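The sequence and structure come next, followed by the notes.

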Amino acid sequence: MKVFKNATVYVEGKGLKKCTVAFDEIIRSIGKKGKGEVIELPEDAIVLPGFIDQHVHGAGGADGMDGTVEDIKIIAQTLAKEGTTSFLVTTMTQSKENILKAMRSVKEYREANQKEGARAVGIHLEGPFINEKHKGAQPLEYVAKPDVATFDEYNEASGNAIKIVSLAPEIEGADELIKHLCEKGVVASIGHTGAKFADVEKAVACGAKNVTHTYNAQSALHHREIGVVGSAMLINDLNCELIADTIHVSVPAMKLLIKNKYADKISLITDAMRAKGIPDGESELGGQKVFVKNGEARLADGTLAGSVLRMNKAIENVVKKVGVPFEQAVEYATMNPARLLGIDKETGSIKVGKRADFTVLNRNYDVLLTIRDGEVIYKA
């Protein structure tokens, strides 16, 4: 048994409070007392739930599309340094052969029950079922129409690990796939799309629940056609992913989204690529050269190509630059994605009986300690 003694802790339903938390692989007690090995923390430390990144492609020089267990392990260990304890290995539009290879590697990784680094809770299949006119940094030659049989092939190869599928709802076959995903308990996410309001409304009726990196690679808000961006704000049931790096989305745009969404319908994501956690310079995404400089990752033509954002920095940005209350910003990176993914009964908040997944920050938003299932996976 381990103990955070008389620490400042963000407790589910109670906010930040001074208390003692006792835990092994799960949280055993929260209160005034608790016995066990005391984990010493500095005075300004804040104990938070472990962060959950539902959309991250890579980190530490590795990418989910590399298709090896070792690469996923590198990503998991790198993410732990920013306080992330759970994540979805995110793929991209590529050949069927390469996507299947990525699916199988995640299956193998999860079956090995890896203890180092963040927990890979599944896969975010971003593409290939997208609109070629809104492909962003996705390779055009591999864009494909939404297809139930193709999804099933990918899901079977992954060991049924796919948790989110990003797709363009206006493309033929999307309605059938969205309904199928809903039946399978997989989140259908509206992304890389030129959809109009009517398309989004229909997709939601079919079961779509999420918007992929809101504002990016989707139809913009216009006063005669509100597009995906306007629909994301208008339709309360839609959860919105947000890359809060102030590069993919400006501060006023973040303020606008947050003002128009319920607090439980925003998930902070990093959408990070392999260049995260390594020095600036030339990198790669989906076989394309990417150039990273001053926190921006772009293709040769200037197209944004994922990010190098860290989750602790995303939280800092929405608090300091957008004006979101600290506790609300934490929910964006913990309970909200947990609820969307259906894992909120086991993680996403600090509550007795849940997994002992913690992130310890100081007042400067630096990660001091990351704990997963009661074991330290990163210490500064």
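## Packing of α1 and α2

Helix α1 (residues 69-80) and helix α2 (residues 96-111) have axes that come within 9 Å and cross at roughly 65°. The model is a predicted one, in which local features need pLDDT of at least 70, side-chain atom pairs count only at pLDDT 80 or more, and totals for chains, interfaces and linings use all residues. Residues are numbered from 1 along each chain as its sequence is written, and side-chain values use heavy atoms, with hydrogens and water left out. Helices (H or I, at least four residues) and strands (E, at least two) are DSSP runs numbered from the N terminus. Axes are lines fitted to C-alpha atoms, for helices over the stretch in contact, and angles run from 0 to 180 degrees between N-to-C directions.

The two helices α1 and α2 are therefore roughly perpendicular to each other (angles under 35 degrees count as roughly parallel, over 145 as roughly antiparallel, 65 to 115 as roughly perpendicular and the rest as oblique). The crossing of α1 and α2 is right-handed, a term used if the near helix is turned clockwise from the far one by less than a right angle, with left-handed for anticlockwise. On the α1 side, V69, I72, K73 and A76 meet S105, V106, E108 and Y109 of α2; contact means heavy atoms within 4.5 Å. The residues of this contact divide into five nonpolar, one polar and two charged. Here Ala, Val, Leu, Ile, Met, Phe, Trp, Tyr, Cys and Pro count as nonpolar, Asp, Glu, Lys and Arg as charged, and the others, Gly among them, as polar.

## The parallel sheet

An open sheet is formed by eight strands in the order β6-β9-β10-β11-β12-β13-β14-β15, with parallel pairing; two strands pair if DSSP finds at least two bridges between them. The edges are β6 (51-56) and β15 (266-269), each with a single partner strand, so one side of each is left without a neighbour in the sheet. Helix α2 packs on this sheet and touches β9 (84-90), β10 (119-126) and β11, its direction making about 165° with that of β10. Helix α7 (residues 251-260) also packs on the sheet, where it touches β14 (239-243) and β15, and its direction makes about 160° with that of β14.

Within the sheet, β9 and β10 run parallel and are joined by five bridges, with R119 of β10 as the bridge partner of S86. Strands β12 (residues 187-190) and β13 (residues 210-211) run parallel and are joined by two bridges; I190 has V211 of β13 as its partner. Strand β10 is mostly covered, with eight of its eight residues buried (buried means under 20% relative accessible area, exposed over 50%, partly exposed in between; 1.4 Å probe, protein chains only).

## Antiparallel hairpins

Strand β16 (residues 281-285) pairs with β17 in the antiparallel sense over five bridges, and S283 has V290 of β17 as its bridge partner. The two form a hairpin with two residues between them, and G286 in the turn has a positive phi of about 60°. Strand β17 also pairs in the antiparallel sense with β18 (residues 296-299), over four bridges; the partner of V290 in β18 is L299.

The hairpin of β17 and β18 has two residues between the strands. N294, in the loop between them, has a positive phi of about 55° although it is not a glycine. At 65% relative accessibility, N294 counts as exposed.

## Loops and a buried helix

Most residues other than glycine have a negative phi, and most peptide bonds are trans. N113, in the loop between α2 and β10, has a positive phi near 55° and is partly exposed, with a relative accessible area of 47%. A cis peptide bond, with omega about 10°, joins G127 and P128; P128 is in the loop between β10 and α3.

S158 is in the loop between α3 (148-157) and β11 (162-167), and counts as buried at 2% relative accessibility. Leaving aside neighbours within four places in sequence, S158 is in contact with M103, K107 and I123. The C-alpha atoms of S158 and S105 are separated by 7.7 Å, with the two residues 53 apart along the chain.

Helix α8 (residues 311-320) has eight of its 10 residues buried, so it is largely enclosed by the rest of the structure. The buried residues of α8 are M311, N312, A314, I315, E316, N317, V318 and V319.
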